Amino acid sequence: MTQPSRTVRRMQPLLGTWVEIRASGRPGRVDRAVKCAFLHLARVQQRMSFHDPDSGLSRINLLAHRTPQGVDAWTWDVLHKARALAR
């Protein structure tokens, strides 16, 4: 016997806007998946948001013209790809 599907819709303020996630699946599992997705988006915001003065990207924008700024591997990869796209 299969469990009934459940649809959830959640919104959170992230990345300078409201992010909405809608998902369907087994009860409990779909809730965990949506929670996990928001956690990943919060990590992106923590590293890359120019709206958050404490993010890694804001730190780079504020200080990199004076001193080299270290970044984590994920941020380096995103910036490297952005540079390649710009070229």
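I count a salt bridge when a side-chain nitrogen of Lys or Arg lies within 4 Å of a carboxyl oxygen of Asp or Glu. With that rule, a search of the whole structure finds 6 salt bridges.

**Ground rules**

I am working with a predicted model, in which local features need pLDDT of at least 70, side-chain atom pairs count only at pLDDT 80 or more, and totals for chains, interfaces and linings use all residues. Residues are numbered from 1 along each chain as its sequence is written, and side-chain values use heavy atoms, with hydrogens and water left out.

**Entry: the hairpin**

I took helices (H or I, at least four residues) and strands (E, at least two) as DSSP runs, numbered from the N terminus. Two strands pair if DSSP finds at least two bridges between them. I looked up strand β1 (residues 6-14) and strand β2 (residues 17-25), and they pair in the antiparallel sense over 9 bridges. Pro13 stands opposite Trp18 in β2. The two strands form a hairpin with 2 residues between them. Leu15, in the turn, has a positive phi of about 60°.

**Entry: salt bridges**

I began with Arg9 and Glu20, whose side chains meet in a salt bridge at 2.4 Å, N to O. This pair links distant parts of the chain, with Arg9 in strand β1 and Glu20 in strand β2, 11 residues apart. Glu20 also meets Arg22 in a salt bridge, at 2.7 Å, N to O.

For accessibility I call a residue buried under 20% relative accessible area, exposed over 50%, and partly exposed in between (1.4 Å probe, protein chains only). Glu20 has 34%, so I list Glu20 as partly exposed. Arg22 has 59% relative accessibility and therefore counts as exposed.

Next I looked up Arg10 and Asp31, whose side chains meet in a salt bridge at 3.6 Å, N to O. The pair links distant parts of the chain: Arg10 is in strand β1 and Asp31 in helix α1, 21 residues apart. Arg10 is partly exposed at 36% relative accessibility, and Asp31 is partly exposed at 26%. Arg6, Arg10 and Asp31 are linked in a network of salt bridges.

**Entry: helix α1**

How far apart are the end C-alpha atoms of helix α1 (residues 29-48)? I find them 29 Å apart, which agrees with the 28 Å that its 20 residues should span at 1.5 Å a residue. The expected span is 1.5 Å times one less than the number of residues.

Which residues of α1 are buried? I noted Val30, Val34, Phe38 and Met48. Seen down the axis of α1, the buried residues fall within an arc of 105°, so they line one face of the helix. The arc is that of the directions from the helix axis to the C-beta atoms. Arg32, Lys35 and Gln46 are exposed on the other side of α1. What covers the buried residues of α1 includes β1, β2, α2 (56-63) and α3 (73-86).

**Entry: Gly56**

I found Gly56 in helix α2. Gly56 has 16% relative accessibility and so counts as buried. Not counting residues up to four places away in sequence, Gly56 touches Gln46 and Arg47, where contact means heavy atoms within 4.5 Å. The C-alpha atoms of Gly56 and Asp72 are separated by 8.7 Å, and the two residues are 16 residues apart along the chain.
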